[in-house]
Amino acid sequence: MLQNAKKQVIEIKGKCLLGLSGGPDSMCLLKLLIEYKKSFQIAHIDHNLQKQSSKIREELELFAKEHGIKFHYLILDAASIQKKNLEDKLRVRRLDFFKKIVEKEGLDYLLLGHQKDEEAETVIKRFFEGGSLLNLSGIKKTSSIYGMKVIRPLLKTSKADVIKYLEYYQIPYHTDPTNFGGGNLRAKMRSKLLPMIEKVFGKKIVSPICDLADQAEDLQKYLKKEFLKVERLAIKGPFGIYYPYKGFENYIFIQFIYNEIMNLTKEHRRFIKECIDKKEVGKTLLINGFKVCFEEEGVFFINSNTSKDQYITKEEVDWLDFWKQGYKLQTIVNYQGDKVNRKVLSEYHRIKKTPICLRRLYPIPLTTIEKKIKIR
């Protein structure tokens with residue numbers, strides 16, 4: 001029973017902080033930590049949302065005292081917090097509390113009781129929110145949050161197995177009614193969506209969903225290696241970064257952008273894929289302080305604060321050298337005179353194969369301006 005969870009707990013080294021709610025998952029983890037004589041302290045959050053919340057806290061504190069385990073707690077007035085994004089706000093409060101304890105006590109890890117069913121809920125939530133294969137990997141067994149090393153030993157253990165384990169050892173636990181009520185999204189998924197899907201399909205769906213999450217994680221690990229190839233292709237300069245298309249597929253590039261810049265919406269991903277697939281030229285996208293420009297040979301990430309003035313130089317400069325070194329190449333000055341004849345300018349850019357997004361930056365030779373003649 002719980003062989004995988006036991007193995008994970010056995011492998012834990014160092015001093016830990018257990019986030020203990022009093023629910024079945026964290027109580028199961030508490031039992032395993034005591035059983036395998038791990039060095040740990042307890043942190044409990046009293047959200048003050050239930051009538052019995054103070055009683056639960058007192059029971060847990062007494063249990064910790066009887067077993068010689070240091071107990072930390074925080075009482076929140078959750079009812080006074082604005083309901084919008086309440087789950088996220090409470091999560092931030094919890095993590096901030098955990099971090100303070102970990103730092104003050106010099107602990108090595110934060111242990112959380114997330115289990116298999118919660119991973120499945122996470123994957124489904126991300127899928128319906130427009131997620132792609134890039135973020136369907138679910139909850140990670142180990143991660144870093146707020147600089148804390150986080151371990152989730154129960155992640156490959158089902159909720160049903162956790163309950164069986166607690167009942168077998170007659171370990172009491174508390175059930176939070178809000179986990180199954182109609183309030184937050186996870187509660188609705190847990191009480192309505194997942195049972196309905198299992199009823200329709202006539203089979204358990206948690207394991208297949210978690211298997212999909214594992215495959216997505218394996219794909220991410222593979223892509224991380226491919227990212228290194230993309231990074232080696234990057235040409236950086238004072239204006240931003242240029243990625244030539246040669247050497248990578250569009251899917252990998254989209255994943256690379258997702259990791260480097262983040263906050264890509266599904267509309268962003270769709271737009272980027274379409275631009276690369278159709279080899280669109282001149283299309284742009286503004287993301288997090290960058291102007292992403294799609295050109296024939298690659299993609300430019302231009303810093304949004306880059307000046308768009310036209311400059312001139314005494315000698316001709318290759319646009320790629322100009323991209324790498326900017327205004328350091330030659331004595332380049334802001335051109336304040338009459339505008340160059342558009343036909344002459346257009347012909348110049350055509351011959352030099354200047355990317356569209358650089359034509360307001362790329363310096364024009366002084367001879368072109370003075371003679372205003374067609375470039376041969």
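In which helix does I34 lie, and which residues does the helix span?

Reply: I34 lies in helix α2, which spans residues 24-35. Helices here are DSSP runs of H or I with at least four residues, strands are E runs of at least two, and both are numbered from the N terminus. This is a predicted model: local features need pLDDT of at least 70, side-chain atom pairs count only at pLDDT 80 or more, and totals for chains, interfaces and linings use all residues. Numbering starts from 1 along each chain as its sequence is written, and side-chain values use heavy atoms, leaving out hydrogens and water.

I34 has a relative accessible area of 29%, so the residue counts as partly exposed. The classes are buried (under 20%), exposed (over 50%) and partly exposed in between, with a 1.4 Å probe and protein chains only. Set aside the neighbours within four places in sequence. I34 is then in contact with F40, F63, H67 and I69. Contact means heavy atoms within 4.5 Å. Take I69 from that list. I34 and I69 are 35 residues apart in sequence, yet their C-alpha atoms are 9.8 Å apart in space.

Next, helix α5. This helix covers residues 116-128 and contains E121. E121 is buried, at a relative accessible area of 2%. K125 is partly exposed, at 28%. Not counting residues up to four places away in sequence, E121 touches R186, M189, R190 and L194. With neighbours within four places left aside, K125 is in contact with L185 and M189. K125 and L185 sit 60 residues apart in sequence and 8.6 Å apart from C-alpha to C-alpha.

Now the charges. Side chains of opposite charge can pair when their charged atoms come close. The structure holds 15 salt bridges. A salt bridge here is a side-chain nitrogen of Lys or Arg within 4 Å of a carboxyl oxygen of Asp or Glu. One of them joins the side chains of K156 and D214, at 2.8 Å from N to O. This pair links distant parts of the chain, 58 residues apart. K156 is in the loop between β6 (148-151) and α6 (159-168), while D214 is in helix α8. K156 is partly exposed, with a relative accessible area of 37%. D214 is partly exposed at 26%.

Two further bridges have an N to O distance of 3.9 Å. K204 meets E198 in one, at 3.9 Å. K204 counts as exposed, with 65% relative accessibility. E280 meets K283 in the other, at 3.9 Å. E280 is partly exposed at 21%, and K283 is partly exposed at 33%. Salt bridges that share partners also join E119, K156 and D214 into one network.

Then the surface. Patches take residues with over 30% relative accessible area and no salt bridge; like charges are joined within 9 Å, and nonpolar side chains (Val, Leu, Ile, Met, Phe, Trp, Tyr) within 5 Å. A positive patch is formed by K7, K141, K221 and K224. Lys and Arg count as positive and Asp and Glu as negative, while His and the chain ends are not counted. The charge is placed at NZ of Lys, CZ of Arg, CG of Asp or CD of Glu. K224 lies in helix α8, residues 206-233. K224 is exposed, with a relative accessible area of 53%.

M1, Y168 and Y169 make a nonpolar patch of about 350 Å². Areas come from the Shrake-Rupley method with a 1.4 Å probe, and for residues only the protein chains shown count as cover. Y169 is found in the loop between α6 and α7 (185-201). At 37% relative accessibility, Y169 counts as partly exposed.

Last, the whole chain. There are 13 helices and 14 strands. Of the 376 residues, 44% are buried. Among contacts between residues at least 6 apart in sequence, 66% join residues at least 24 apart. The accessible surface comes to about 21600 Å², and 52% of that belongs to carbon and sulfur atoms.
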